[in-house]
Amino acid sequence: MVFEKDLNLDATELRLGLPGSSEESLRISNKRALPDMNDDSGVAAAKKCDQETAPPTKAQVVGWPPIRSYRKNSLQTKKTEAETGGMYVKVSMDGAPYLRKIDLKVYKGYPELFKALEDMFKFKVGKYSEREGYNGSEFVPTYEDKDGDWMLVGDVPWEMFINACKRLRIVRGSEARGLGCVV
Amino acid sequence: MNYFPDEVVEHVFDFITSHKDRNSVSLVCKSWYKIERYSRQRVFIGNCYSITPQRLIARFPGLKSLTLKGKPHFADFNLVPHDWGGFVDPWIKALAKSRIGLEELRLKRMVVSDDSLELLSKSFPNFKSLVLVSCEGFTTDGVAAIAANCRFLRELDLQENEVEDHRGHWLSCFPESCTSLVSLNFACLKGEINLASLERLVARSPNLKSLRLNRVVPLDTLQKLLMRAPQLVDLGIGSYVDDPSSEVFSKLKAVIQLCNSIRSLSGFLEVAPCCMSAIYPICENLTFLNLSYAPGLQGNDLTKLVQHCRKLQRLWILDCIGDKGLGVVASTCKELQELRVFPSDPFDAGNAAVTEEGLVLISAGCPKLNSLLYFCHQMTNAALITVAKNCTNFIRFRLCILDPVKADPVTNQPLDEGFGAIVRSNKSLKRLSLSGLLTDQVFLYIGMYAKKLEMLSIAFAGDSNKGMLYVLNGCKKLRKLEIRDCPFGDVALLEDMGKYETMRSLWMSSCEVTLGACKTLAKKMPSLNVEIINESEQLEFSLDDRLLVDKMYLYRTLVGHRKDKPEYVLLL
């Protein structure tokens with residue numbers, strides 16, 4: 001076709017770039033300038049216009065990367081579930097008039113969890129050691145696991161804990177003897 | 001062969017099973033055509049619009065197994081609008097009316113309705129096998145009809161379909177008398193199922209070899225199922241979360257030891273990494289491992305698992321395994337033939353990714369590698385050249401660099417030389433997908449060397465029509481060509497119109513093809529359907545031949561224009 005030579009598309013076209021150039025030249029837009037045979041500058045202007053509208057970010061390129069929608073949706077779902085699904089458990093504290101609920105999924109590990117509990121109930125968790133449990137505090141964090149047993153928070157790896165934990169109870173020191181709390 | 005009675009020739013044909021060979025045989029002479037057509041039981045139709053069900057039925061009265069594909073491949077990536085086509089309903093209706101004793105139906109990228117499934121389930125008393133891949137349009141009610149009515153069902157395999165889930169009862173629709181199941185895959189269903197029904201079903205299916213569960217099946221049910229079916233060869237785990245110190249988990253560990261027939265493992269849709277050690281005993285014998293839907297497993301977990309899989313032939317994994325993890329694969333899995341590395345987060349560069357390093361390690365360590373799908377963040381020419389030296393057996397090579405026009409980060413050059421090396425040294429290459437910064441040069445190489453190439457996927461590549469022309473002229477065996485966002489236009493499209501009759505289909509979107517050129521092509525080649533998909537308003541205003549088309553899909557057909565096209569498709 002004669003089009004290409006006359007319109008000098010090479011000069012005005014959005015190329016895929018010389019090595020090292022940026023990726024602005026992605027053409028995603030559905031809008032097509034009608035090539036006008038009589039007006040070189042018109043085409044140039046139209047193409048320029050295309051170029052000046054900010055190229056969409058990669059995330060907006062339809063159909064890229066080439067992953068089946070089913071797969072994309074699957075991974076997306078898992079992310080969203082992780083984000084909004086939540087693992088809410090009740091938290092009670094001895095002496096407090098009502099319980100609270102927290103989402104265990106929000107925390108990356110025990111330190112974050114304890115900070116949140118301390119803020120929520122205005123107490124201090126003691127220092128944890130495997131041998132002695134929580135040292136230096138009147139309050140001890142415990143949880144009920146899937147078997148219905150009351151366990152000391154902190155003994156098992158975090159992942160295991162959040163999968164096993166059904167509810168939390170912050171126990172007052174005087175009752176916590178035997179759970180390794182040194183008062 | 002004319003000296004032999006038909007029955008003898010037919011008996012000889014029994015040994016000819018591949019579709020290609022059967023097709024060739026039917027072309028030898030009238031007598032062979034006739035014998036072949038009456039004895040043919042399995043038919044594969046790569047494009048459902050290339051023929052009508054009526055003509056299929058007329059030619060092959062003995063049909064037992066039908067495979068149909070509908071939408072073009074790029075429909076997988078949302079490039080084809082909704083309800084474009086690919087409806088299976090007319091096929092099932094026509095088959096149901098005929099005397100065909102259908103036993104097996106395999107569909108890919110088709111639209112399937114509950115009514116179709118119900119009709120299917122009621123029309124063929126010997127129906128044995130239903131395989132649906134990437135289909136849509138049906139709900140679990142349709143699945144329930146299959147379960148309820150197909151008395152001798154052996155295989156119900158749902159792979160990656162979008163299914164509306166009406167919760168639960170479909171599994172209970174398998175009658176108590178159904179004991180013939182060999183393969184059940186419902187991993188893609190999202191809803192609850194009746195776990196007790198599932199246990200009973202597995203208990204009364206002594207021939208069950210393949211079972212793939214969905215994510216709502218918990219670990220304790222898995223343990224009970226494995227107790228009932230230790231003979232399983234293929235297992236897809238749904239939810240794999242428990243406290244390793246629990247009694248249920250101990251039971252699971254024990255029963256897994258008994259499952260020494262398992263060769264294929266997948267799923268882990270929900271997973272607690274601390275439970276993975278129970279799987280190690282069966283890793284020894286695995287030939288196929290698919291962890292591509294298990295984002296709960298981190299690189300370390302994957303590496304630890306793979307170290308036990310010495311006999312692995314096919315591995316599908318997420319890129320969080322990292323280059324180092326791929327190094328472990330390379331040193332452990334010496335039998336590896338197929339590797340697929342999927343992105344765990346397509347839009348985020350992040351740390352969890354693989355680069356050219358991982359691929360080079362794999363190529364060096366796995367001499368039998370013949371099939372690759374690799375999503376990565378960057379690739380270099382040097383790496384590809386090394387891979388080409390190490391691996392000369394590739395049949396499928398699909399490389400996707402997540403950044404669409406990324407150059408070689410070391411040299412800033414296009415990746416022409418790298419891909420050129422791949423096609424030069426892999427003479428059996430049948431399928432190729434390109435990515436990264438590419439000029440016309442890479443297509444020159446492909447045209448020159450990829451003589452066995454059947455399918456080529458191109459995106460954001462090339463400089464001019466020459467690129468496309470190199471491919472069309474050089475790749476004599478080309479069957480499917482799909483192109484998006486490339487500067488290929490009318491000159492390339494119209495140079496050799498007869499070529500498209502030797503191919504199944506051509507897809508071009510966001511290229512530089514004009515409406516006029518498409519019209520010319522359609523006029524000159526009545527054996528092709530040339531479809532224009534245009535979702536923007538422009539086409540309504542003017543049918544100006546100079547207009548660039550959004551999306552063009554053309555395919556050869558024996559039956560002219562299809563009658564079920566939606567409004568936004570223009571058939572020229």
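In this predicted model, B:L373 has B:R398 as its bridge partner in strand 16 of chain B. The chain passes from strand 15 of chain B through helix 15 (residues 381-390) of chain B to strand 16 of chain B, and this β-α-β crossover is right-handed.

**Strand 15 of chain B and its partners**

- Strand 15 of chain B is joined to strand 16 (residues 396-401) of chain B by six bridges, and the two strands run parallel.
- Strand 14 (residues 338-342) of chain B is joined to strand 15 of chain B by four bridges, and this pair also runs parallel; here B:E338 has B:S371 in strand 15 of chain B as its bridge partner.
- Because six of the six residues of strand 15 (residues 371-376) of chain B are buried, this strand is largely enclosed by the rest of the structure.
- In a regular strand, side chains alternate between the two faces of the sheet.
- In strand 15 of chain B, B:S371, B:L373 and B:F375 point one way, while B:L372, B:Y374 and B:C376 point the other way, and all of them are buried.

**Nonpolar cores**

- The largest nonpolar core contains 204 residues, and those with the most contacts inside it are B:L66, B:Y240, B:I279, B:F397, B:I446 and B:L493.
- When neighbours within four places in sequence are left aside, the residues in contact with B:F397 include B:L372, B:L384, B:V387, B:F419 and B:I422, and B:L429, B:R431, B:L432 and B:S433 are also among them.
- A second, separate core has 26 residues, and among them are A:I102, A:L117, A:L152 and A:V153.

**A loop residue in chain B**

- B:H169 lies in the loop between strand 7 (162-164) and strand 8 (183-185) of chain B, and this residue is partly exposed, with a relative accessible area of 40%.
- With neighbours within four places in sequence left aside, B:H169 is in contact with B:D141 and B:A144.

**Chain A as a whole**

- Chain A has six helices and seven strands, which follow one another from the N terminus in the order α-α-α-α-β-β-α-β-β-β-β-α-β.
- Of the 183 residues of chain A, 39% count as buried, and the chain exposes about 10900 Å², of which carbon and sulfur atoms supply 52%.
- Among the contacts in chain A with a separation of 6 or more, 50% are between residues 24 or more positions apart.

**The sheet of chain A**

- Five strands of chain A form an open sheet with mixed pairing, in the order 2-1-7-5-6.
- Strand 2 (100-103) and strand 6 (150-152) of chain A stand at the edges with a single partner strand each, so one side of each is left without a neighbour in the sheet.
- Neighbouring strands of this sheet are turned against each other by 35° on average, direction ignored.
- Strand 1 (residues 88-93) and strand 2 of chain A run antiparallel and are joined by four bridges, and A:V89 stands opposite A:I102 in strand 2 of chain A.
- Helix 5 (residues 110-121) of chain A lies across strand 1, strand 2, strand 5 (139-144) and strand 7 (167-172) of chain A, and runs at about 155° to strand 2 of chain A.

Methods. Residues are numbered from 1 along each chain as its sequence is written. Chains are lettered from A and ligands numbered from 1 in the order in which they are written. This is a predicted model: local features need pLDDT of at least 70, side-chain atom pairs count only at pLDDT 80 or more; totals for chains, interfaces and linings use all residues. Side-chain values use heavy atoms; hydrogens and water are left out. Buried means under 20% relative accessible area, exposed over 50%, partly exposed in between (1.4 Å probe, protein chains only). Contact means heavy atoms within 4.5 Å. Accessible areas come from the Shrake-Rupley method with a 1.4 Å probe; for residues, only the protein chains shown count as cover. Two strands pair if DSSP finds at least two bridges between them. Axes are lines fitted to C-alpha atoms, for helices over the stretch in contact, and angles run from 0 to 180 degrees between N-to-C directions. A crossover is right-handed if, with the strands pointing away from the viewer, the path from the first strand over the helix to the second runs clockwise. A nonpolar core is a set of buried Ala, Val, Leu, Ile, Met, Phe, Trp, Tyr and Cys residues joined through side-chain atoms within 4.5 Å.
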